[in-house]
Amino acid sequence: QDWEQRQEEDTLLIERILLLVRNVLHVPPDPTEEQGVDGDASVHDRVLWALHISGMDDLLKFLASAQAEQQWALHVLEIISLMFRDQSPEELAALGQGQAAAERGEDTRELETLRQRELAERRARALQRPSRHSRFGGSYVLQGLKAIGDRDVVFHKGLHNLKSYSHDLGKEMRRVPRRRQA
């Protein structure tokens, strides 16, 4: 609901929920109670994971960034500071960079293999077809067909055009006036 449409009970309920989340995150860790494996998540980490699964972290981000919800800014700030209570800034920065560098390296290798594959395909296609079209279809001597004089006809077109060959090929048709047409 927009803040104009909220009742006093709704406002109190939101504040109570934020205070509950703050108080749950404020509970100090007890190493004697948490006797887990070294790589196991602490109780605080499991609470943060439960908040993430429930979608509460998205609501907190909305409350922190919405202009109309500035009345909850201090509660949200306190909750966020309690979320990062056991973390040092150096650890958080190193964790993000290490993972990003590993992902970046993997992405780079994957892109390089894709690029090499594309270049190989392009080379294969270039070898399959000639790089430039030749307009020269060749010159052929038609034996048995006499040109002017005693020589054989020299045909300069492709062989597929041979069936349509006539001596008038390339000559301009003379226009016959309409009254002299048959």
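Strand β1 (residues 140–146) and strand β2 run antiparallel and are joined by four bridges; strands count as paired if DSSP finds at least two bridges between them. The bridge partner of Val141 in β2 is Val154. Five residues separate the strands of this hairpin, and Gly149 in the turn has a positive phi of about 85°.

The model is predicted: local features need pLDDT of at least 70, side-chain atom pairs count only at pLDDT 80 or more, and totals for chains, interfaces and linings use all residues. Residues are numbered from 1 along each chain as its sequence is written, and side-chain values use heavy atoms, with hydrogens and water left out.

Asp152 belongs to strand β2 (residues 152–155). Its relative accessibility is 25%, so Asp152 counts as partly exposed; buried means under 20% relative accessible area, exposed over 50%, and partly exposed in between (1.4 Å probe, protein chains only). Residues up to four places away in sequence aside, Asp152 touches Val141, Leu142, Gln143, Gly144, Leu145, Lys146 and Ala147, where contact means heavy atoms within 4.5 Å. The side chains of Asp152 and Lys146 are joined by a polar contact of 3.1 Å. A polar contact is a pair of N or O atoms within 3.5 Å; within protein, one must be able to donate a hydrogen and the other to accept it, and residues adjacent in sequence count only if both atoms are side-chain atoms. Asp152 and Val141 are eleven residues apart in sequence, and their C-alpha atoms are 6.4 Å apart in space.

Arg151 is located in the loop between β1 and β2. With a relative accessible area of 66%, Arg151 is exposed. Apart from its neighbours within four places in sequence, Arg151 is in contact with Leu145 and Lys146. From C-alpha to C-alpha, Arg151 and Val141 are 9.6 Å apart, with a sequence separation of ten residues.

In helix α4 (residues 73–83), the buried residues are His75, Val76, Ile79, Leu82 and Met83. Seen down the axis of α4, these residues fall within an arc of 125°, so they line one face of the helix; the arc is that of the directions from the helix axis to the C-beta atoms. The face turned away from this buried side carries the exposed residues Leu74 and Leu77. The buried residues of α4 pack against α1 (8–26), α2 (43–54) and α3 (56–65).

In α3, Met56, Asp57, Leu60 and Leu63 are buried. They fall within an arc of 120° when seen down the axis of α3, so they line one face of the helix. Lys61 and Ser65 are exposed on the other side of α3. The cover over the buried residues of α3 includes α1, α2 and α4.

## The nonpolar core

The largest nonpolar core has twelve residues: Leu18, Val21, Leu25, Leu51, Met56, Leu60, Leu63, Trp72, Val76, Ile79, Leu82 and Met83. Such a core is a set of buried Ala, Val, Leu, Ile, Met, Phe, Trp, Tyr and Cys residues joined through side-chain atoms within 4.5 Å. At least two residues of this core come from each of α1, α3 and α4, and α4 supplies the largest share, four residues. Leu51 touches Val21, Leu25, Met56, Asp57 and Met83, not counting residues up to four places away in sequence.

## Two buried histidines

His44 lies in helix α2 and is buried, with a relative accessible area of 8%. A polar atom of the His44 side chain lies 3.3 Å from the backbone oxygen of Met83. Beyond its neighbours within four places in sequence, His44 is in contact with Leu25, Leu82, Met83, Arg85 and Asp86.

His75, in helix α4, has a relative accessibility of 18% and therefore counts as buried. Not counting residues up to four places away in sequence, His75 touches Glu15, Leu18 and Leu19.

## The chain as a whole

The chain has five helices and two strands, which run α-α-α-α-α-β-β from the N terminus on. Of its 182 residues, 14% count as buried. Among contacts between residues at least 6 apart in sequence, 43% join residues at least 24 apart. The accessible surface of the chain comes to about 16100 Å², of which 55% belongs to carbon and sulfur atoms; accessible areas come from the Shrake-Rupley method with a 1.4 Å probe, and for residues only the protein chains shown count as cover.
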